[in-house]
Amino acid sequence: MSKSHSDIGLIGLAVMGQNLALNIADHGFQISVYNRTVEKTEKFVAENPNTPGGLIGAKTLQEFVKSLAKPRKMIILVQAGKATDAVIDSLVPLLDPNDIVIDGGNALWTDTIRREKALKEKGLRFIGSGVSGGEEGARFGPALMPGGDPAAYKELEPIWNAVAAKVDAKTGAQLGGAAPGKPIVGGVPCAAYIGENGAGHYVKMCHNGIEYGDMQMICEAYALMQGLLKMKAPEMGAIFSEWNQGMLGSFLIEITADILKQKDPMTKKPIVDVILDTAGQKGTGKWTSVNALDMGVPAPTIAESVFARCLSAVKEERVAASKILKGPSKKYKGSKKALIAAIHDALYCSKICSYAQGFQLMREAQKEYKWKLNFGEIAQIWRGGCIIRAVFLQKITEAYQRDPNLANLLLDPYFTKTVKKAQENWRKVVALAAECGVAAPTFGSALAYYDSYRSARLPANLLQGQRDFFGAHTYERTDKPRGQFYHIDWPEPSRPQLEIK
Ligand code: NBP
C-alpha cells in the first residue's frame with residue numbers, strides 16, 4: 001500500500017534520474033517522479049510496478065509537489081545550467097518555507113552558490129549535491145557529495161546514506177553485489193556533508209578534473225606500451241588486469257583492461273583499434289583547470305589532460321602534420337618486462353602528483369569560499385561508487401588522518417617514500433618517451449611538477465629580473481626580509497652594462 005505522501009521526489013527522468021529513482025525506491029523510500037515529457041514518466045512508472053518503496057508518477061509539477069511529505073524534499077536531475085534554472089523557477093512558486101530543493105546535476109559551483117542564496121531569501125533550503133558514478137552508480141550506489149544548508153542535509157542524510165555506494169570500513173574496497181530490489185546492507189556509505197553552499201559541487205568538479213587526469217595517464221601508459229614495445233591490445237589488456245591487482249587497482253584500470261580485450265563485433269579486430277582517436281568532453285575538466293588558473297594554484301597535470309583531449313580533437317590537422325613533421329628514429333631495445341614495470345611506476349607517480357594538485361586546489365578553494373573541507377573524508381567518499389574509485393584513495397584518507405593540515409600529498413611519509421622508490425623508473429619512462437617521440441604529456445608534466453615542487457630555488461629569480469627590466473615590476477631579495485621590494489635602473493638592451501658599485 002502506498003503512503004499518502006512520498007518521502008522524496010525527483011524531477012528529470014533521463015538516464016541519471018531513472019536510475020537514482022529506482023535506487024531510492026529499492027531502499028524502501030516512496031518516491032514521486034516528474035518529467036517534462038509526461039509519456040516518459042508514464043512509461044517509467046509502468047515498467048517498474050513492484051519496487052520496495054514505490055514510484056508515484058506525476059503529470060504536472062503541481063501534482064508532483066502536492067504528492068510530497070512536508071517539509072518537501074525534491075531532487076532535480078536535469079542538464080546543468082539553464083535547464084536547472086528553468087526547473088527551479090517553475091518549482092519555487094509551488095513550495096512552502098523550509099522545503100528542500102536538491103540539485104544532483106553537474107552544476108558549476110558558482111551557480112550553486114547563487115541558487116542557494118536566492119532560495120534562502122525565499123525561505124527555501126537548497127542542497128547542491130555532486131552525484132558520481134554514471135548510470136550504474138546512480139542505480140546501485142553513487143558517490144554523493146552534498147553541500148549547502150547543513151540542517152537540511154541532516155534531513156536528506158538517511159536517504160543519501162542508504163542509496164550511496166558502500167565500502168569496507170578497513171580495506172576501503174567497494175562492496176559489490178547490489179541488484180534490483182536487493183541493496184547492499186552494511187559498509188561505510190560513500191556520502192558525507194562537504195560544506196556550505198557550493199562546496200559539494202566544487203568537490204565534484206575536482207573529482208572530474210582528477211578523473212580527466214587519471215584517464216589520460218592510463219592512455220599514455222597504453223601509448224607507451226604500443227609505441228615502444230609494439231604490444232597488441234589483448235596483451236596490454238592482460239597487463240592492465242595484472243596492475244588492477246596492485247596499488248593501481250581501480251575502476252578505470254579495470255575497465256581499460258576490459259576495453260583492450262574487447263573485439264569489434266563487425267571486424268573482429270580489437271575494438272580499441274577501430275575507435276577513432278578524438279576525445280570528447282563535457283567541460284568539468286576545463287572548469288577545474290580554469291579555476292586552478294583563476295586561483296593561481298598549480299594543477300598542470302589536470303590541465304594537460306584537458307589539452308590532450310583538445311589536441312586529439314584536431315584529427316585532420318594531425319593527420320596532415322604527421323606527413324610533414326618528422327620525429328626521432330630511436331627505438332627501444334631493452335627488456336620488455338623492465339619497461340612495463342617502469343611504465344607502471346611512472347603511472348603511479350604521475351597519479352600521485354595529479355591527486356596532489358586536485359587536493360591543493362580544494363585546499364585553496366576552501367580559503368576563498370570559507371568552507372571547512374575534510375580531505376580524508378572526501379577521499380573516503382571517492383573510494384566507492386565514483387569513476388575514480390581506487391585502492392589508492394585509502395592511502396589518501398590515511399594521509400589526511402595522520403595530518404588533516406597536510407600541505408601537499410607528496411609530503412605525507414607514505415607518498416614521499418613511494419615516489420622516492422619509483423622515481424628512477426618514472427624518469428626513465430619520461431626520458432624514453434621524449435627520445436623515441438611518444439607523446440606522454442601528463443607523465444612529463446607531473447614529473448616537472450614534482451621537480452618544481454621539491455626545488456628550494458626555481459629560475460623565477462631570473463623571471464623577476466626580466467619583469468623588473470621591462471616593466472619596473474620590482475623584485476624581492478634573497479638577503480632581505482620578504483615583503484620588501486626593490487628596483488634598479490636597468491640598462492637599455494643596446495647599451496653596455498652599468499657598472500654597479
Ligand atoms: P540530461 O542532462 O540529458 O537531462 C535531461 C532530462 O531533464 C530529460 O528527462 C528532460 O525531460 C528533463 N528536463 C526537465 Br524535467 N525539464 C527540463 C528543461 N527545462 N530543460 C531540459 N530538460 C529538462 O540527463 P542525464 O544525462 O540523466 O543527466 C542529469 C544530470 O546529471 C546532468 O546535470 C548531468 O550533468 C548529471 N550527471 C550525469 C552523469 C551521466 O553519466 N549521465 C553522471 C553524473 C552527473 P524531457 O524528457 O522532456 O527532455
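How many residues surround the ligand, and which of them are the closest? In this predicted model, in which local features need pLDDT of at least 70, side-chain atom pairs count only at pLDDT 80 or more, and totals for chains, interfaces and linings use all residues, the ligand is surrounded by 21 residues, a residue being counted as near if one of its heavy atoms lies within 4 Å of the molecule. Residues are numbered from 1 along each chain as its sequence is written, and side-chain values use heavy atoms, with hydrogens and water left out. The closest members of the shell are Met 16, Asn 35, Thr 37, Lys 40 and Val 78.

Helices (H or I, at least four residues) and strands (E, at least two) are taken as DSSP runs numbered from the N terminus. In these terms, H1 and helix H4 (82-91) each supply at least two residues of the shell around the ligand, and H4 gives the most, with 3 residues. By class, the shell comprises 12 nonpolar, 7 polar and 2 charged residues, where Ala, Val, Leu, Ile, Met, Phe, Trp, Tyr, Cys and Pro count as nonpolar, Asp, Glu, Lys and Arg as charged, and the others, Gly among them, as polar.

Grid points are joined across faces, edges and corners, and a volume is the space filled by probe spheres set on the points. The count comes to 4 cavities of 30 Å³ or more. The largest cavity holds about 90 Å³ of space and is lined by 14 residues, with His 27, Phe 140, Ala 178, Pro 183 and Ile 184 nearest its centre. Helices H1 (15-26), H6 (134-140) and H7 (150-163) each supply at least two residues of this lining, which divides into 8 nonpolar, 2 polar and 4 charged residues.

The second largest cavity, with a volume of about 50 Å³, is lined by Asp 214, Met 217, Ile 218, Leu 248, Ser 250, Ile 253, Leu 347 and Lys 351. Two or more residues of this lining come from each of helix H8 (199-229) and helix H15 (336-369), and H8 provides the largest share, 3 residues. The second largest pocket contains about 540 Å³ of space; of its 17 lining residues, Arg 457, Ala 460, Asn 461, Glu 476 and Thr 478 are the closest to its centre. Helix H20 (residues 460-471) gives the largest share of that lining, 4 residues, and the lining as a whole has 5 nonpolar, 7 polar and 5 charged residues.

Backbone geometry was also considered. Most residues other than glycine have a negative phi, and most peptide bonds are trans. The peptide bond from Lys 70 to Pro 71, however, is cis, with omega near -10 degrees, and Pro 71 is placed in the loop between helix H3 (61-66) and strand E4 (73-76). Asn 197, in the loop between strand E9 (188-189) and H8, has a positive phi near 30 degrees, as does Lys 230 with a value near 55 degrees, this residue being found in the loop between H8 and H9. With buried meaning under 20% relative accessible area, exposed over 50% and partly exposed in between (1.4 Å probe, protein chains only), Asn 197 counts as buried because its relative accessibility is 18%, whereas Lys 230 counts as exposed at 56%.

Terms used:
On a 1 Å grid over the protein atoms alone, a cavity is a set of points where a 1.4 Å probe fits but cannot get out, and a pocket is an open set with protein on both sides within 12 Å along at least five of seven lines; lining residues have an atom within 4 Å of a point.
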